[in-house]
Amino acid sequence: SSLNQFLNYWRDRGKDESFPALGDLDPAAMGDMWPFCFVIRVDADGAASALTYVGPHLVADCGGPLTDPSLETLPDATLIKNATAFVGQTLRRRVPITKGGEFIDLRGRTIQFRSIILPLADDGRTIDHLLGAANCRELPLE
């Protein structure tokens, strides 16, 4: 699947047992996944603070550009909100985490999604960004 390819790309960027840095990533090399990606800044206190990149497919799902990049203000019933819900778990466990589930979107459709969040570190150890990706599909009405 595309999320597995994304995870393999992240692993290939890391060196030995260290996390890759944000600068090690090449959006062009991520191909079809980059429009479904997001990057979250992690502050010095270790808390995830704000989105620094949101791919166009995720922006469109929100109904337009996000005026506030903080995670707390993401619109409910959106893919980006569901995809970032487990940021704290990724920071605590210091490993890539994949989640999936269902939610009712802004238009009342049932959406099934999968997402992944990957740690990034300029020094290879201290997480300073998180890279995420999410994809989804609408479930047919029963």
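**Stop 1: the largest pocket**

The largest pocket holds about 170 Å³ of space. Before going on, some housekeeping: this is a predicted model, so local features need pLDDT of at least 70 and side-chain atom pairs count only at pLDDT 80 or more, while totals for chains, interfaces and linings use all residues. Residues are numbered from 1 along each chain as its sequence is written, and side-chain values use heavy atoms, with hydrogens and water left out.

A pocket here is an open set of points on a 1 Å grid over the protein atoms alone, where a 1.4 Å probe fits and protein lies on both sides within 12 Å along at least five of seven lines; lining residues have an atom within 4 Å of a point. Grid points are joined across faces, edges and corners, and the volume is the space filled by probe spheres set on the points.

Now select His57, Asp61, Leu79, Arg109 and Cys136: of the 13 residues lining the largest pocket, these lie nearest its centre. Which one gives the most? That's α2, with 4 residues. (Helices are DSSP runs of H or I with at least four residues, strands are runs of E with at least two, and both are numbered from the N terminus.)

**Stop 2**

Switch to cartoon. An open sheet of 5 strands runs in the order β2-β1-β5-β4-β3, with antiparallel pairing; two strands pair if DSSP finds at least two bridges between them. At the edges sit β2 (48-54) and β3 (97-104), each pairing on one side only. On average, neighbouring strands of this sheet are turned by 25° against each other, direction ignored. Axes are lines fitted to C-alpha atoms, for helices over the stretch in contact, and angles run from 0 to 180 degrees between N-to-C directions.

Next, pick helix α1 (residues 2-13), which lies across β1, β4 (110-120) and β5 and runs at about 5° to β4. Contact means heavy atoms within 4.5 Å.

**Stop 3**

Select residues 37-42. This is β1, which pairs with β2 in the antiparallel sense over 5 bridges. Val42 stands opposite Ala48 in β2, and Arg41 faces Ala50. The hairpin of β1 and β2 has 5 residues between the strands, and Gly46 there takes a positive phi near 85°. Towards β5, 5 bridges join the antiparallel pair.

Is β1 enclosed or open? It is largely enclosed by the rest of the structure, because 5 of its 6 residues are buried. Buried means under 20% relative accessible area, exposed over 50%, and partly exposed in between (1.4 Å probe, protein chains only).

Zoom in on Val39 in β1, buried at 3% relative accessibility. Its bridge partner in β5 is Leu131. The C-alpha atoms of Val39 and Leu130 are separated by 5.6 Å, although the two residues are 91 apart along the chain. Show the contacts of Val39, leaving aside neighbours within four places in sequence, and you'll find among them Leu22, Trp34, Tyr53 and His129.

**Stop 4**

Move to β3 and β4, an antiparallel pair with 8 bridges. Gly101 has Phe113 of β4 as its bridge partner. These strands form a hairpin with 5 residues between them, and Gly108 in the turn has a positive phi of about 85°.

Then pick Thr90 in helix α4. Thr90 is buried, with a relative accessible area of 0%. Not counting residues up to four places away in sequence, Thr90 touches Val95, Ile97, Ile117, Pro119 and Leu130.

**Stop 5**

Most residues other than glycine have a negative phi. Which way does Ala77 go, positive or negative? Phi of Ala77 is positive, near 60°. Find Ala77 in the loop between α2 and α3 (79-83); at 23% relative accessibility, Ala77 is partly exposed.

Finish on Arg94, also with a positive phi near 60°. Arg94 sits in the loop between α4 (87-93) and β3 and is partly exposed, with a relative accessible area of 37%.
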